[in-house]
Amino acid sequence: MDWEHSLLIGTDGRAYREIETNIWAASATPDVLYLGTGRHGGGIVLRPLYVQICGTWLNVSTGRTAPFNTLPSV
């Protein structure tokens, strides 16, 4: 964790920022948003939650369009 810049550094070296509570992005203009969950042993696990395809955010699990105005503007 890079506390000074509020970034989570992944094992792959990519930096993730929390754009809303428990929602993480790997860049300023992401095409994937991740759900961050804590682990009992410490650390945070990021799982893909939404992907942006042709300007529309889709839920990775269901394939449905994300509810209107529920995603942060990134």
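Predicted model: local features only at pLDDT ≥ 70, side-chain atom pairs only at ≥ 80, totals over all residues.
I start with the aromatic rings. A pair of aromatic rings is described by the distance of the centres and the angle of the planes. In this model the count comes to 1 aromatic pair. The partners are Y16 and Y34: their ring centres are 5.6 Å apart and their planes stand at 90°, so the pair is edge-to-face. Y16 belongs to strand β2, residues 15–20, and Y34 to strand β4, residues 32–38, so the pair ties together parts that are 18 residues apart in sequence. Both Y16 and Y34 are buried.

Next, N59. You will find N59 in strand β6, which covers residues 56–59. Is N59 buried or exposed? Its relative accessibility is 18%, and the cut-off for buried is under 20%, so N59 counts as buried. What does the side chain of N59 reach? It reaches the backbone nitrogen of T62, at 3.1 Å. Setting aside neighbours within four places in sequence, N59 is in contact with L49, Y50 and R64.

Last, the backbone. Most residues other than glycine have a negative phi. N22 is not a glycine, and its phi is positive, near 65°. N22 sits in the loop between β2 and β3, the latter being residues 23–25. With 38% relative accessibility, N22 counts as partly exposed.

C54 is also not a glycine, and has a positive phi of about 50°. C54 is placed in the loop between β5, residues 44–53, and β6. Its relative accessible area is 81%, so C54 is exposed.

Conventions:
Residues numbered from 1 in each chain as written. Heavy atoms only, no water. Phe/Tyr/Trp six-rings, centres within 6.5 Å; stacked < 30°, edge-to-face > 60°. Helix = DSSP H or I, 4+ residues; strand = E, 2+ residues; numbered from the N terminus. Buried < 20%, exposed > 50% of the residue type's maximum accessible area, 1.4 Å probe, protein only. Polar contact = N/O pair within 3.5 Å; in protein donor to acceptor, adjacent residues only side chain to side chain. Contact = heavy atoms within 4.5 Å.
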